[in-house]
Amino acid sequence: MSSNVIASRASARTVHAVSAAAHLVIAIALGALAAAQASILLPVSLSVPVGAPLGAFASVDFAAAAAIVMLIGATAHAALALGAAAGGDGVQSRLLQLVAFAQASGITVFLIAQLNGVTEAGALILIYAFGGGAAGLLWLQARETDDRLRTRWPFSFGAGLAVVPWGIVALYQVVALVAGAPPAPIVRVLTVVILLIVALAWFTERRWQLGLTPAPRAALLHSVLSLANGIALLVLAAGLSRPSALL
């Protein structure tokens, strides 16, 4: 085994270990907010077929759900660090990271939709499915790295699906603005920030698919974007728990 390969694996192990620790720190901070009951509870409502609303029959603790997003990232990067130490395959590492990205994407857009006024259970389930499923198609794309032309369809189809939940969020924001009851400023700003983070993650995947970004760099960029997403969620949780501080 050459010294370059050993150095590359050591570098990957370090990146993933640091990323796992950073994800865990943010998850602990979010968990502390949830444990202190300082987070906002987001309602989930349901209407029966005849149209009679059942009202809010459940709620989601924003900080606790956001902590789960970061724990997914921490677990994935811990596994990747162990895999790099054991000399794991680069493509398999990318696949694991994309699985984590898909799950985190689904939960994140679910929470953002709730903050922007989407409360109906059916709509939220579809938003989660579209958000996670669209990113999940990148996993299929990553398995076909030897055929650049063939891998266009999972990316293109996935990107089209990924627009749907964000389009629903935008619709609710516009309607709320017109009605004169928009979401809090911090919600509007960080909705856009998180959307940009998601878009950059897809852009990173496209460049890797086309061979313009090597796998180690793509993995590093995904780590940075995942941490940025976690920081945005933490700021939201802190701001919603102390409106006077950040709103």
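**Notebook: contacts, core and surface**

I began with contacts (heavy atoms within 4.5 Å). Among those in the protein chain between residues at least 6 apart in sequence, 72% join residues at least 24 apart.

A note on what I am reading: this is a predicted model, where local features need pLDDT of at least 70, side-chain atom pairs count only at pLDDT 80 or more, and totals for chains, interfaces and linings use all residues. Residues are numbered from 1 along each chain as its sequence is written, and side-chain values use heavy atoms, with hydrogens and water left out.

Next I listed the elements, taken as DSSP runs numbered from the N terminus (helices: H or I, at least four residues; strands: E, at least two). I found eight helices and two strands in the protein chain, in the order α-β-β-α-α-α-α-α-α-α from the N terminus on.

I then checked burial, where buried means under 20% relative accessible area, exposed over 50%, and partly exposed in between (1.4 Å probe, protein chains only). Of the 247 residues, 40% count as buried.

Which residues touch the most other members of the largest nonpolar core? A core here is a set of buried Ala, Val, Leu, Ile, Met, Phe, Trp, Tyr and Cys residues joined through side-chain atoms within 4.5 Å. The largest one has 51 residues, and I noted F62, L111, L115, I194, W202 and L236 as those touching the most others. Elements giving two or more residues to this core include α1 (3-35), β1 (41-47) and α7 (215-241). Helix α3 supplies the largest share, 11 residues.

L137, in helix α4, was my next stop. With a relative accessible area of 16%, L137 is buried. Leaving aside neighbours within four places in sequence, L137 is in contact with P154, F157, G158 and L161. I read 9.7 Å between the C-alpha atoms of L137 and L161, which are 24 residues apart along the chain.

I also looked at helix α6 (residues 185-209). Its 25 residues reach 37 Å from first C-alpha to last, close to the 36 Å expected at 1.5 Å a residue, the expected span being 1.5 Å times one less than the number of residues. After α6 comes G211, whose phi is positive, near 80°.

The protein chain exposes about 12,000 Å² (Shrake-Rupley method, 1.4 Å probe), and carbon and sulfur atoms supply 70% of it. On helix α1 I found L24, which is partly exposed at a relative accessible area of 40%.
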